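Please find below some notes for a colleague who is opening this entry for the first time. They are set out as numbered points, and each may be read with the structure in view.

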Amino acid sequence: MGDSEANGERADPRGSQIREKDMGSINLVGVSKSFGDVLVIPSVDLEVNEGEFVVFVGPSGSGKSTLLRLIAGLEEVSKGRIEFNGQDMTNLAPAKRGLAMVFQSYALYPHMSVRENIGFPLKMAGMPKSEIASKVQEAAKILNLSEYLERKPRQLSGGQRQRVAIGRAIVRQPKAFLFDEPLSNLDAALRINMRLEIMELHQQLKTTMIYVTHDQVEAMTMADKIVVLDQGNIEQVGSPLELYRAPDNLFVAGFIGAPKMNFLTGGEASRYNATTIGVRPEHVQISTSSGLWTGKVGVSEHLGSDTFLHVNVEGQQSPLTVRTDGEVQLNYGDTVYLSPEEDKVHKFDNNGKAIR
């Protein structure tokens, strides 16, 4: 262990030292937001610990971006308070909160080089040129942008432009990073690459990060802690595996997991003393000879290592999705028998709450 670690500091890849006290814990206490007579965030209590990677996830209109903007100070809180490191910052101006926000839009200056774009916030803060140059070089090194520093944004790919936007945030050495759907403008391959790069960045910097997405795959792969939102309400908070294994309600059960959980009602659910039961596609066994449920194979999705079969089961309105081996030899219209792994069946009452 180096001297700096022994003194409660960590080596910083930007060439300086970060003390634990400079990191950001964020607490929301009874936070609500109204636009006129429209209540979009009823009341939220949430704790984001220092150094955590927290993902806000939910469908469009769930309030996730609004909640992020409240934390950033870009929207005013209607009720409640927001604390940074135990201090009430509810009414503090955005520029004084010590946060850096990365948006879906890169918002780069087209006439400036990559070097100038990354260093711009430091220039506006009046930092000496030599110090700006050093911090820009370090940020570029972290983000693999060193060879692109003299290029203009138009000469970069979408992923490179997003990295420049992140670099502009890094040089400010914020208490926390706030990401608002930063990968939405990228194609599928670039999204995966940038997802990995942001995760690697978090491992390097160990800085608190809050990330907003509607993509539950991003949430599952990136987060230390997921906050599932619906209509401004927090439906559940937990690690990816906690939400996967033990969803609190039908909404979370249906939102987390890909492909989504199968739900059955009627006689199949009453067999388990529940109004509704849920079983994930990977927890359904398929047979051509016997099983608990009888159905006919509908559409098949062949993905190489896996095949997703959509099976029409008697008495159920929607087909059940079954994840099976990629080499499965079943055809449209074949009769099959399905059985859930009994210890993986999720039960829900008539209010949609999980029955433990």
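**Notes on helices, salt bridges and strands**

1. Helix α3 passes α5 in a right-handed crossing, where right-handed means that the near helix is turned clockwise from the far one by less than a right angle, and left-handed that it is turned anticlockwise. The contact is made by V114, N117, I118 and P121 on the side of α3, and by V164, G167 and R168 on the side of α5, contact being heavy atoms within 4.5 Å. These residues divide into four nonpolar, two polar and one charged; here Ala, Val, Leu, Ile, Met, Phe, Trp, Tyr, Cys and Pro count as nonpolar, Asp, Glu, Lys and Arg as charged, and the others, Gly among them, as polar. The axes of the two helices, α3 and α5, come within 7 Å and cross at roughly 35°, the axes being lines fitted to C-alpha atoms, for helices over the stretch in contact, with angles that run from 0 to 180 degrees between N-to-C directions.

2. The model is predicted, and local features need pLDDT of at least 70, while side-chain atom pairs count only at pLDDT 80 or more and totals for chains, interfaces and linings use all residues. Residues are numbered from 1 along each chain as its sequence is written, and side-chain values use heavy atoms, with hydrogens and water left out. Helices (H or I, at least four residues) and strands (E, at least two) are DSSP runs, numbered from the N terminus.

3. How many salt bridges does a search of the whole structure find? The search finds 11, a salt bridge being a side-chain nitrogen of Lys or Arg within 4 Å of a carboxyl oxygen of Asp or Glu. One of them joins the side chains of E150 and R115, at 2.6 Å from N to O. Because E150 lies in the loop between α4 (129–142) and α5 (158–170) and R115 in helix α3 (residues 114–124), the pair ties together parts that are 35 residues apart in sequence. E150 is exposed, with a relative accessible area of 55%, whereas R115 is partly exposed at 28%; buried means under 20% relative accessible area, exposed over 50%, and partly exposed in between (1.4 Å probe, protein chains only).

4. A second salt bridge is formed by the side chains of D248 and R356, again with 2.6 Å from N to O. This pair links distant parts of the chain, since D248 is in the loop between α8 (240–245) and α9 (250–255) and R356 in the segment after β21 (354–355), 108 residues apart. D248 is partly exposed, with a relative accessible area of 34%, while R356 counts as exposed at 64%.

5. The side chains of R323 and D306 also meet in a salt bridge, at 2.8 Å from N to O. R323 is in strand β18 (residues 320–325) and D306 in strand β17 (residues 306–313), 17 residues apart.

6. Strands β17 and β18 belong to an open sheet of five strands, in the order β15-β19-β16-β17-β18, with antiparallel pairing; two strands pair if DSSP finds at least two bridges between them. The edge strands are β15 (284–287) and β18, each of which pairs on one side only, and the twist averages 45° from one strand to the next.

7. Three bridges join β14 to strand β13 (residues 262–264), and the two run antiparallel; I277 is the bridge partner of L264. Three bridges also join β14 to strand β20 (residues 346–348), again antiparallel, and T276 stands opposite F348 in β20.

8. Lastly, L178 is in strand β9 (residues 176–180) and is buried, with a relative accessible area of 1%. Leaving aside its neighbours within four places in sequence, L178 is in contact with L68, I71, A72, L99, A100, M101, V102 and I210. The C-alpha atoms of L178 and V102 are separated by 6.2 Å, although the two residues are 76 residues apart along the chain.
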